[in-house]
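Reader: I would like a close look at a single part of this structure, followed by its surroundings. Please keep the account plain.

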Amino acid sequence: MKRIAVINDLSGFGRCSLSAALPIISVMGHEACPLPTAVLSNQTGYESYYCDDYTDKMSFFNEQWKKICPVFDAIYSGYIANEKQVDYISSFIESFSDETTILLVDPVMGDDGKLYDSHNTAICEGIKTLVKKSNVICPNLTELCILTGRDYSSISQMRKERILEEIKDMSSSLISDKLRLVITTGIINDNMISSTIYSEGKFEEISNERIGESFSGTGDIFASIVVSSLLSGFDPYDAVKKATDFISMSLTETLKHEYDRNDGIDFQKFLKRL
Ligand code: PXL
């Protein structure tokens with residue numbers, strides 16, 4: 001069985017981060033080894049929350065894990081709370097990977113053209129350095145703009161074909177010997193929502209009907225399915241298709257009843273289809 005180190009927070013409510021990643025990776029046949037960055041009563045989008053920062057405890061995991069699993073098949077990092085964690089994750093990647101390890105960094109920084117309240121420009125600079133050490137990233141359009149220093153508000157107002165050209169250009173500018181796959185999510189056009197895939201000079205788009213608004217945890221669900229699929233040997237297009245179809249199904253289910261976007265989406269009953 002292949003092992004994925006999952007570096008993310010544990011939130012009691014919000015069906016996001018580790019609470020979403022662990023069931024998804026497990027049902028897809030891999031062992032998910034959680035390394036919590038923080039333990040929260042609920043994700044930070046709710047009106048209030050309690051957060052126990054785990055930064056100073058993370059290095060104890062290093063010490064113990066080296067004795068059990070010196071190299072992971074994949075390392076997947078998500079929500080990062082501070083700059084110190086960026087340094088830690090950077091050294092975790094160096095010490096627990098070899099040339100076969102899939103390194104997926106989800107550069108969680110913001111949405112709808114805005115940084116999350118919890119994120120300042122210093123953390124974003126750190127995340128940029130982490131992205132350079134990864135080989136797969138899955139930013140949303142806001143995060144892709146931050147990573148490439150482009151202006152979200154002007155790009156998001158362009159017509160669809162131009163937006164796609166810009167995304168292709170931004171994606172290719174991030175590609176290096178190390179970073180080989182850039183997947184951009186949440187590209188909204190009328191009643192459709194698309195993801196794009198840039199790898200080996202090829203640029204592809206997958207579109208789904210836009211269902212509801214933006215919900216907690218969908219980015220984490222997306223990244224968890226992508227990293228698990230890549231580890232199972234799927235090609236990037238099929239990995240992204242699996243993720244977007246799963247999220248569409250779960251969103252449709254969520255909208256059947258009263259909901260709060262902070263509670264995340266009803267994905268549980270579809271897990272066995274993964
Ligand atoms: O899903 C992103 C995420 C993860 N973890 C925490 C968050 C958020 C988004 O707000 O607050 C704690």
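Which residues does Asn 62 touch, not counting residues up to four places away in sequence?

Author: The model is a predicted one. Not counting residues up to four places away in sequence, Asn 62 touches Tyr 88, Phe 92, Ser 95 and Phe 96. Asn 62 itself sits in helix α2, which runs over residues 58-68. With one of these residues, Tyr 88, the side chain of Asn 62 makes a polar contact of 2.7 Å. Asn 62 has a relative accessibility of 19% and therefore counts as buried, because the limit for that word is under 20%.

Glu 94 belongs to helix α3 (residues 83-96) and Lys 133 to helix α4 (residues 121-133), so the pair links distant parts of the chain, 39 residues apart. Glu 94 is exposed, at 54% relative accessible area, while Lys 133 is partly exposed, at 25%.

As a general point, side chains of opposite charge can pair when their charged atoms come close. In this model the count of salt bridges comes to 13. One of them joins the side chains of Asp 266 and Arg 15, at 3.0 Å from N to O. This pair, too, links distant parts of the chain: Arg 15 lies in the loop between β1 (3-11) and α1 (17-27), and Asp 266 in the segment after α9 (236-254), 251 residues apart. Asp 266 counts as buried at 15% relative accessibility, whereas Arg 15, with 23%, is partly exposed. Another salt bridge brings together the side chains of Glu 161 and Arg 159, at 3.5 Å from N to O. Here Glu 161 is partly exposed, with a relative accessible area of 46%, and Arg 159 is exposed, at 55%. There is also a network, in which salt bridges that share partners join Arg 150, Arg 162, Glu 166 and Asp 169.

Next come the nonpolar parts. The largest nonpolar core has 40 residues, and Tyr 76, Ile 221 and Phe 246 touch the most other members. At least two residues of this core come from each of β1, α1, β4 (74-77), β5 (102-105), β9 (181-189), α8 (218-231) and α9. Helix α8 gives the largest share, 8 residues. Leaving out residues up to four places away in sequence, Ile 221 touches Ala 20, Ile 24, Phe 246, Ile 247, Ile 265 and Phe 267. Another core, of 38 residues, lies apart from the largest one and has Phe 72, Ile 123, Cys 124 and Leu 144 among its members.

Around the ligand are Asp 9, Ser 11, Cys 16, Ser 17, Leu 40, Gln 43, Thr 44, Tyr 79 and Asp 220. In the side chain of Asp 9, an N or O atom is 2.6 Å from a nitrogen atom of the ligand. For Thr 44, a side-chain N or O atom is 2.5 Å from an oxygen atom of the ligand. Asp 220 has a polar side-chain atom 2.7 Å from a ligand oxygen atom. Taken alone, the ligand exposes 320 Å², of which the protein buries 89%.

Conventions
Residues are numbered from 1 along each chain as its sequence is written. This is a predicted model: local features need pLDDT of at least 70, side-chain atom pairs count only at pLDDT 80 or more; totals for chains, interfaces and linings use all residues. Side-chain values use heavy atoms; hydrogens and water are left out. A salt bridge is a side-chain nitrogen of Lys or Arg within 4 Å of a carboxyl oxygen of Asp or Glu. Helices (H or I, at least four residues) and strands (E, at least two) are DSSP runs, numbered from the N terminus. Buried means under 20% relative accessible area, exposed over 50%, partly exposed in between (1.4 Å probe, protein chains only). A polar contact is a pair of N or O atoms within 3.5 Å; within protein, one must be able to donate a hydrogen and the other to accept it, and residues adjacent in sequence count only if both atoms are side-chain atoms. Contact means heavy atoms within 4.5 Å. A nonpolar core is a set of buried Ala, Val, Leu, Ile, Met, Phe, Trp, Tyr and Cys residues joined through side-chain atoms within 4.5 Å. A residue is near a molecule or strand if one of its heavy atoms lies within 4 Å of it. Accessible areas come from the Shrake-Rupley method with a 1.4 Å probe; for residues, only the protein chains shown count as cover.
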